[in-house]
Amino acid sequence: MNTPNIAKEEIINAFNFRHATKEFDATKTISDDDMKFILEAAHLSPSSFGFEPWHFIVVQDKELRELLKPVAWGAPLKLDTASHFVLGLSMKAPMVKHDSEYIMHMMKDVKQLPEDVIEMYSKFYREFQERDFDLDTDKKLFDWSSKQTYIALGNMMTAAALTGIDSCPIEGFHQEKAEALLRNKFGVDTDKYGLSFMVAFGYRKADPEFGKSRRNFDDIITWK
């Protein structure tokens, strides 16, 4: 496999280009190839133990987008104007507990680990949950899954920015009401999956009014 050779300046330029786009140009549509590239960035994202506790729903149906508006106060303008709108789902406790069928499936069928490695991996994962991170409640397990899904979110937005595509991550939604909608209208098994975030992709209608503001670099980095 070839080593990536991307100029550092291009990457930093992409981070400076990216901003939380509040309104998109509704006349512009992301190509299928570009959207597949963005989603592939999620597909190839790392996750703790490599267990990929996520699923992504690309919502292009206008009626479904309308249904999302009442439960997502941060999304209506994006739902109207974004080329593509993605829901980031994270696995709940029944899926990611150390002894779940899904975890065994990942080790045995996806990773194709030999039995002795599965036994060792299972021991490490159980100790990680029960001792190291104290993941002893359903909420803690879902929060852990969400942390992994956010890695994919960051990678999708960076991949988009590298190709001149805008994005906006959205947490402005009522989780209980949104998950009820996902269960009733999107066919999501909400015993297994919860909603972590929404994210819109498209092309900005206008440049941001203000430049990017960040704390000083030295304020956030400590070398020891």
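**Accessibility, sheet, core and side-chain contacts in a predicted model**

D138 is exposed, with a relative accessible area of 56%, where exposed means over 50%, buried under 20% and partly exposed in between (1.4 Å probe, protein chains only). This residue has its place in helix α8; helices (H or I, at least four residues) and strands (E, at least two) are DSSP runs numbered from the N terminus. Between the C-alpha atoms of D138 and M104, which are 34 residues apart along the chain, the separation is 19 Å.

The model is predicted, and local features need pLDDT of at least 70, side-chain atom pairs count only at pLDDT 80 or more, and totals for chains, interfaces and linings use all residues. Residues are numbered from 1 along each chain as its sequence is written, and side-chain values use heavy atoms, with hydrogens and water left out.

The strands β1, β2, β4 and β3, in that order, form an open sheet of 4 strands with antiparallel pairing. Two strands count as paired if DSSP finds at least two bridges between them. The edges are formed by β1 (54-58) and β3, each of which pairs on one side only. From one strand to the next the twist averages 25 degrees, with axes taken as lines fitted to C-alpha atoms (for helices over the stretch in contact) and angles running from 0 to 180 degrees between N-to-C directions. The antiparallel strands β3 and β4 are joined by 5 bridges. C168 has A200 in β4 as its bridge partner.

In soluble globular proteins, nonpolar side chains tend to be buried together. A nonpolar core is here a set of buried Ala, Val, Leu, Ile, Met, Phe, Trp, Tyr and Cys residues joined through side-chain atoms within 4.5 Å. The largest such core has 39 residues, of which L68, F85, L87, F186, L195 and M198 touch the most other members. Two or more residues of this core come from each of β2 (84-91), α5 (93-96), α6 (101-110), α7 (115-132), α8 (138-162), β3 (166-170), α9 (175-185) and β4 (193-202). A second, separate core has 17 residues, including I30, M35, V86 and I165.

Aromatic pairs number 12 in the structure. Rings of Phe, Tyr and Trp (its six-membered ring) pair if their centres lie within 6.5 Å; planes under 30 degrees apart count as stacked, over 60 as edge-to-face and the rest as tilted. The pair of F128 and F133 is tilted, because the ring centres are 4.8 Å apart and the planes stand at 35 degrees. F128 is buried, at a relative accessible area of 11%, whereas F133 is partly exposed, at 46%. Both residues belong to a cluster in which ring pairs link F49, F51, Y121, Y125, F128, F133 and W144.

For Y150 and F197, the ring centres are 5.3 Å apart and the planes are at 75 degrees, so this pair is edge-to-face. The pair links distant parts of the chain, with Y150 in helix α8 and F197 in strand β4, 47 residues apart. Y150 is partly exposed, with a relative accessible area of 30%; F197 is buried, with a value of 1%.

Side chains of opposite charge can pair when their charged atoms come close. The structure holds 12 salt bridges, each being a side-chain nitrogen of Lys or Arg within 4 Å of a carboxyl oxygen of Asp or Glu. In one of them, D166 and R204 meet at 2.7 Å, N to O. D166 lies in strand β3 and R204 in the loop between β4 and α10 (217-220), so the bridge ties together parts that are 38 residues apart in sequence. Both partners are buried, D166 with a relative accessible area of 2% and R204 with 15%. A network of salt bridges with shared partners joins K123, E127, R131 and D132.

R131 is exposed, at 55% relative accessible area. A further salt bridge, of 3.0 Å (N to O), joins D136 and K140; D136 is exposed, at 53%, and K140 is partly exposed, at 33%.

R204 also has an aromatic contact: its charged end sits over the ring of F17, 4.1 Å from the centre. Such a placement requires NZ of Lys or CZ of Arg within 6 Å of the ring centre and within 35 degrees of the ring normal.
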